[in-house]
Structures are given as C-alpha cells and as structure tokens.
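Q: I have a structure here that is new to me. Can we go through it in short questions?

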Amino acid sequence: ACAGGNMNGCTELGVALYLGHGAPADAAASAQYRLQACDGGHARGCENLGYLFRNGNGVPQDANRAKQLFRKACDGGLATACEQLQ
C-alpha cells in the first residue's frame with residue numbers, strides 16, 4: 001500500500017516495523033515510513049513520528065522536532081496530537 005502511494009499504508013508499515021510484526025523490529029526504518037506518511041499529508045504519520053522524536057526511538061531525541069510534528073498533526077485535525085501540545 002505504501003509503495004502504491006497510500007499514506008495510511010506507510011504509517012501502518014512504520015508501526016509494524018517498530019513493533020517487529022512481520023519483520024525484525026527496526027525503529028529507524030519505522031521512522032522513515034512515518035516520515036513518508038507525514039510528508040504525504042497523513043496526520044497520524046506525523047503524530048507517530050512525533051512520538052519517536054520525543055523519545056529518541058530510531059531518530060535522535062529532539063523535543064522541538066516532536067512539537068513541530070505534533071503541531072502538523074493537530075493542524076491536520078488529529079485531536080490526540082493537539083493534546084501532546086499542552
């Protein structure tokens with residue numbers, strides 16, 4: 001789905017890779033798929049990537065980048081991302 005341009009598919013692939021479902025867990029690869037989803041306008045991909053940056057999972061820990069991603073997801077209509085900004 002992700003290779004076909006479905007951004008939800010990219011987010012879900014990122015989650016699966018993070019959790020090790022169907023392949024060995026790979027937080028860095030997970031971050032790349034979530035970034036692809038976020039760049040493609042998928043708010044949940046941005047929120048998911050924000051958690052990775054906030055916690056330093058697969059990417060360098062960066063609270064400012066996390067906040068930017070949560071803002072983008074919030075602006076995309078995702079209420080749970082808006083809660084992360086409080």
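Q: Which residues of α2 are buried?
A: In this predicted model, the buried residues of helix α2 are A29, S30, A31, R34, A37 and C38. Buried means under 20% relative accessible area, exposed means over 50%, and partly exposed lies in between, with a 1.4 Å probe and protein chains only. Helices (H or I, at least four residues) and strands (E, at least two) are DSSP runs, numbered from the N terminus.

Q: What do the buried residues of α2 pack against?
A: They pack against α1, α3 and α4. A contact here means heavy atoms within 4.5 Å.

Q: How many residues does α2 have, and what is its reach?
A: Helix α2 covers residues 27–39, which is 13 residues, and reaches 18 Å from its first C-alpha to its last, close to the 18 Å expected at 1.5 Å a residue. The expected span is 1.5 Å times one less than the number of residues.

Q: And what is at its two ends?
A: At the start of α2, a side-chain oxygen of D26 comes to within 3.2 Å of the backbone nitrogen of A28. Just after α2, G41 has a positive phi of about 95°.

Q: Before going on, what are the ground rules for the model?
A: Residues are numbered from 1 along each chain as its sequence is written, and side-chain values use heavy atoms, with hydrogens and water left out. Because the model is predicted, local features need pLDDT of at least 70 and side-chain atom pairs count only at pLDDT 80 or more, while totals for chains, interfaces and linings use all residues.

Q: What does R34 touch, then?
A: Leaving out residues up to four places away in sequence, R34 touches C10, G14, V15, Y18, G45, N48, L49 and L52. A polar atom of its side chain lies 3.4 Å from the backbone oxygen of N48.

Q: How many salt bridges are there in the whole structure?
A: Two are found. In one, the side chains of R44 and E12 meet at 2.0 Å, N to O. This pair links distant parts of the chain, with R44 in helix α3 (residues 43–55) and E12 in helix α1 (residues 7–19), 32 residues apart.

Q: Which residues make the other one?
A: D75 and R71, with their closest N and O atoms 3.5 Å apart. They are four residues apart in helix α4 (residues 63–75), so about one helical turn separates them.

Q: Is D75 buried or exposed?
A: D75 is exposed, with a relative accessible area of 57%, and R71 is partly exposed at 41%.

Q: New topic: where is G58?
A: G58 is in the loop between α3 and α4. It counts as partly exposed at 37% relative accessibility, and it touches A27, A28 and A31, not counting residues up to four places away in sequence.

Q: Last one: which residues of α1 are buried?
A: M7, G9, C10, T11, G14, A16 and L17 are buried in α1. The buried residues of α1 pack against α2 and α3.

Conventions: A salt bridge is a side-chain nitrogen of Lys or Arg within 4 Å of a carboxyl oxygen of Asp or Glu. A polar contact is a pair of N or O atoms within 3.5 Å; within protein, one must be able to donate a hydrogen and the other to accept it, and residues adjacent in sequence count only if both atoms are side-chain atoms.
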